[in-house]
Amino acid sequence: MLTRRRITQEAHERFNVAKFLQELNRRHRSSYRVIAEPNPPEAIIESKRKTSWIEVTSVFMSRTFAKETWTYATSRETPRPMLDELIIAPDAQFAVRFFSTVKKKLEKSSYEPLRDKYGPGYLVVSVQYPLFGDDTLVFMRKAWNSATIEDRACFRSIYLVIPRHRGYQVVLWRARSGDA
């Protein structure tokens, strides 16, 4: 039986898969749809010509912000507000969290059977950072380009799902300036 938290997390993952598929289908004039949700990955997708897969991960501003977000979103959980947490250099902190989270996914060997069966999939990163902006991207690129990743080539690309004032923006992640 799924816990309330897991149900909330799955709804969050489905939402991000749906947002990503809208953008993928728009960009490539394709008609991908979800045909399975094995978890992992969050979705196996199929178009008229191709089958692929999607893994979703979330990057939060901080651990306490993640706890606050999940407790507010989960039915019958007692909310845990951040209260007086001091965050110094929030863009830099978020960039480190982004790099660390994505690095773990890119280096994870358990995705290799999916890659071998369907080809490289898509990594969708749900950005949970209310201060996200152009400066954040600068810090993310610095963190990315100053470290090494043992990429297992399981993902063809990384997309960010970013909350905006009136909706969400799905952006292809590029580590170099001017790419994203």
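**Group meeting talk: a walk through the fold**

Okay, let's begin at a loop: Arg29 sits between α1 and β1. Keep in mind that this is a predicted model. Arg29 has a phi near 50°, which is positive, and Arg29 isn't a glycine. As background, most residues other than glycine have a negative phi, and most peptide bonds are trans. Is Arg29 buried or exposed? Exposed, with a relative accessible area of 80%.

There's another residue like that further along. Ala89, in the loop between α2 (63-73) and α3, has a positive phi near 55°. With a relative accessible area of 43%, Ala89 counts as partly exposed.

Now back to the hairpin. Strand β1, residues 33-36, pairs with strand β2, residues 43-46, in the antiparallel sense, over three bridges. If you want a spot to look at, find Val34, which stands opposite Ile45 in β2. Six residues separate the two strands of this hairpin, and in the turn Asn39 has a positive phi of about 55°.

What is the peptide bond from Asn39 to Pro40 like, cis or trans? Cis, with omega near 5°. And then the bond from Pro40 to Pro41 is cis too, with omega near -10°. Pro40 is in the loop between β1 and β2, and Pro41 is in that loop as well.

Let's zoom out to the sheet. What's the strand order? It's an open sheet of six strands, running β1-β2-β3-β4-β5-β6, with mixed pairing. At the edges you find β1 and β6 (167-172); each has a single partner strand, so one side of each has no neighbour in the sheet. On average, neighbouring strands here are turned by 35° against each other, ignoring direction.

For a parallel pair, look at β4, residues 121-128, and β5, residues 155-164, joined by six bridges. How much of β5 is buried? Seven of its ten residues are, so β5 is largely enclosed by the rest of the structure.

On to the helices. Helix α1 covers residues 4-28, and His12 is in it. His12 is buried, at a relative accessible area of 18%. If you'd like a sense of scale, the C-alpha atoms of His12 and Asp135 are 26 Å apart, and 123 residues lie from one to the other along the chain. α1 lies across β1, β2, β3 (51-60), β4, β5 and β6, and runs at about 60° to β6. Helix α3 lies across β3, β4 and β5, at about 150° to β3.

And α3 has a helix partner, which is my last stop. α3, residues 90-107, packs with α5, residues 134-145, at an angle of about 50° and with the axes 8 Å apart. That makes α3 oblique to α5, and the crossing is right-handed. Who's in the contact? From α3 the list includes Phe94, Phe98, Phe99 and Leu106, meeting α5 residues including Phe139, Met140 and Trp144. By type, the residues of this contact come out as eleven nonpolar, one polar and two charged. Asp91 in α3 and Asp135 in α5 are both in the contact.

That's the tour, thanks.

Methods. Residues numbered from 1 in each chain as written. Predicted model: local features only at pLDDT ≥ 70, side-chain atom pairs only at ≥ 80, totals over all residues. Heavy atoms only, no water. Helix = DSSP H or I, 4+ residues; strand = E, 2+ residues; numbered from the N terminus. Buried < 20%, exposed > 50% of the residue type's maximum accessible area, 1.4 Å probe, protein only. Pairing = 2+ DSSP bridges. Axes fitted to C-alpha atoms, helices over the stretch in contact; angles between N-to-C directions. Parallel < 35°, antiparallel > 145°, perpendicular 65-115°, else oblique. Left-handed = near helix turned anticlockwise from the far one by under 90°. Contact = heavy atoms within 4.5 Å. Nonpolar A, V, L, I, M, F, W, Y, C, P; charged D, E, K, R; others polar.
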